[in-house]
Protein chains: 2
Amino acid sequence: MAVNLAPPAAPLAVPGVRAGAASAGIRRAGRLDLALLELAPGSRAAAVFTRNAFAAAPVQLARAHLAAAAPRYLLINAGNANAATGAPGLEAARACCAALAARAGCAIEQVLPFSTGVIGEPLPVERLTTALPAALADLAPDGWTRAMQAIMTTDTVPKGHAVRVRMPDGDLTVTGIAKGSGMIRPDMATMLAFIATDAALSTGALDAHLRTAVARSFNRITVDGDTSTNDACVLVATGVRSGAVDAAAFQDALDAVCTTLAQAIVRDGEGATRFVTVAVRGGRDGEECRRVAYAIAHSPLVKTALFAADPNWGRILAAIGNAGIEGLDPQRVAVSLDEVCVVAGGARAERYREEDGQRVLDRPEYTIAVDLGRGAAADTVWTCDLSHEYVRINAEYRS
Amino acid sequence: MAVNLAPPAAPLAVPGVRAGAASAGIRRAGRLDLALLELAPGSRAAAVFTRNAFAAAPVQLARAHLAAAAPRYLLINAGNANAATGAPGLEAARACCAALAARAGCAIEQVLPFSTGVIGEPLPVERLTTALPAALADLAPDGWTRAMQAIMTTDTVPKGHAVRVRMPDGDLTVTGIAKGSGMIRPDMATMLAFIATDAALSTGALDAHLRTAVARSFNRITVDGDTSTNDACVLVATGVRSGAVDAAAFQDALDAVCTTLAQAIVRDGEGATRFVTVAVRGGRDGEECRRVAYAIAHSPLVKTALFAADPNWGRILAAIGNAGIEGLDPQRVAVSLDEVCVVAGGARAERYREEDGQRVLDRPEYTIAVDLGRGAAADTVWTCDLSHEYVRINAEYRS
């Protein structure tokens, strides 16, 4: 079902990182559901986490560990989110970290735990720890492909992307993997993303680069407006490559990795049949452009019309009108679908013909462009349609 | 598909009101799509309208007419919303009012127009005016049943409710009809409601009663979070009954009519298979209770789980956590499904068993009760699930 999304090429190895995976049978037997990333000593990390008030146990623990020590291992399981599990859930996450730390000979704080899957079920700690030796034995510089498979839940396609940047004193690599396909919206989705580089960067620089990239990528996508309890995006720098780093070039590379991963999540949106860019300009500030873009991207009426390839532009206007933009003048609003101007002056454009709109909506991907006609700001979000399949997937997810 | 919703008994006649309907063939031939309510001279009216920035032409005109004169006719068409139609749309609405005013011998400002249906299509004025003689000829005190049928769009069941109140100097009647089943959320839905009473009330009193009733009913429902361009709720008092009015008793009667109509809209929600009350208490103020209630009621993940009768309470917690309540302590949050306590202290209640939650979710209607554990405020909204049928209806609505 994914829209223009093929399985990625094997992600580039990152000097100083080994990746691996194992089958722990956490929810179903026989599939990869445990991923491990091992970071060279001296690696630095930055992360952003979900803002959901019910942040899962691993999120709470990863936050605390990251504040206490430089990480050596990222331990990720699929199949169980270990969320809304109270004190026993925190204990379970800690037990997994402790088991890995004991085997690997590092401090427990040097293990960052991540979980994704069903909320509210106890984490099967023993299954997870039993699989740790296999995951450790699987570690290899080119293990990213298996790791990106192991973190999938309702994803239909694994997600990875890597960029190599040529710099005066040698190449630099940025490689990322991600999972997520539903519960996707700004302020992080049910989304895990792990990105590594061999560049030598301070923790402060890493943090700034990551926040900038996330704002431009993962926080600009939405599938269904829901935000999970487990979202996390981690950026690790091993520093194995010791040369100087051009900050702008590094940011570009990181943005490219994050944007590709974020768009892959939408392309693989649950039940998605269309990949849609909602580009809003002419706003007084970026914030109101985002509000309009999300009002469109979150409207079930718009999303079902996109699924039906029905150029029902009235629903787009109604969504714009619902965004709560103070003093919006409908008569200055324009809407286009790719190259087709549909609405001008707040009403159907004179030269618009239904078959032109239809031609665009039959495409697997297109842009809904809105001009608010009241300023110079702009912003863009990426979304997908709402299909029968979305309902089926989410109605049947636990059954 | 409607949940526990039978066609209502014939609404009670209201002294001073005659109702009628006709087939104008606005969108499809052979169905009632034009409704007319005639009000006795001296009637007073109050109304609330959509806050959508793209308020439809009839909404703009009805607002202006209501401010200028006491209405004699409410002219309602289904099949075409006359929204996002620019200046020609306003002219079309005006032409319909003028045609009726000329035939009925009143001022154009004494006609309030209302439209519901597809957005962005030109209103077929001639079809509508051609049907006016038939609608006028159809007017009768007991014409409410045909009028409530004529205003339906995707509704599967007509919606009407009436209450007779015994007062010291004679009975008083409150009768209402409504339409709406999608695009339903607070601040008015794609929803039209027309309520009449024979009581003698000032315009100011009518307005206050109406706003109170709407806040307790139509602004507490949601189907899909979308708000239409055409919503309106009108309360008319003919004053034919001249006796004193007990304000509290009248408010109770009006609340009962509005709440029954509002709940009927959710019960008939597009594709609805469940009628769900979301009751939030323990908040610091009503506003935060409403935010939590709507976060649950708008979550596609919660709504698809309700459709599947899957007691996936983790999704309810995730929705609560997404409501953006500053300083919410997850460990004080409790959730019940009817009589079954599911979450206590922010995690699964010790005595909770899946089959107990299942038993509740198999019911056609039930209550999701949330206690935020941080105050004494409470609020309630009503919603429905998100089914395959919702997607089908909204994907096929124009095709």
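Start with helices α1(B) and α2(B), which cross in a right-handed sense in this predicted model. Select residues 57-68 of chain B for α1 and residues 86-104 of chain B for α2; the two helices pack at an angle of about 55 degrees, and their axes are 8 Å apart. That angle makes α1(B) oblique to α2(B).

Next, show the side chains at this contact. From α1(B), pick Ala57(B), Pro58(B), Gln60(B), Leu61(B) and His65(B). The α2(B) side consists of Gly89(B), Leu90(B), Ala93(B), Arg94(B) and Cys97(B). Coloured by type, the contact residues divide into six nonpolar, three polar and one charged.

Stay in chain B and move to helix α7, residues 247-267, where Leu261(B) lies. Is Leu261(B) buried or exposed? Its relative accessibility is 1%, so Leu261(B) counts as buried, the cut-off being under 20%. To see what surrounds Leu261(B), leave aside neighbours within four places in sequence and select its contacts: Lys159(B), Gly160(B), His161(B), Gly176(B), Ile177(B), Ala178(B) and Phe218(B). For a distance check, draw a line from the C-alpha of Leu261(B) to that of Glu288(B): the separation is 26 Å, with the two residues 27 apart along the chain.

Finally, switch to chain A and colour by pLDDT. Chain A averages 91, and 94% of the residues score at least 70. For the complex, the predictor gives an ipTM of 0.76 and a pTM of 0.83.

Key:
Residues numbered from 1 in each chain as written. Chains lettered and ligands numbered in written order. Predicted model: local features only at pLDDT ≥ 70, side-chain atom pairs only at ≥ 80, totals over all residues. Heavy atoms only, no water. Axes fitted to C-alpha atoms, helices over the stretch in contact; angles between N-to-C directions. Helix = DSSP H or I, 4+ residues; strand = E, 2+ residues; numbered from the N terminus. Parallel < 35°, antiparallel > 145°, perpendicular 65-115°, else oblique. Left-handed = near helix turned anticlockwise from the far one by under 90°. Contact = heavy atoms within 4.5 Å. Nonpolar A, V, L, I, M, F, W, Y, C, P; charged D, E, K, R; others polar. pLDDT = per-residue confidence, 0-100. Buried < 20%, exposed > 50% of the residue type's maximum accessible area, 1.4 Å probe, protein only.
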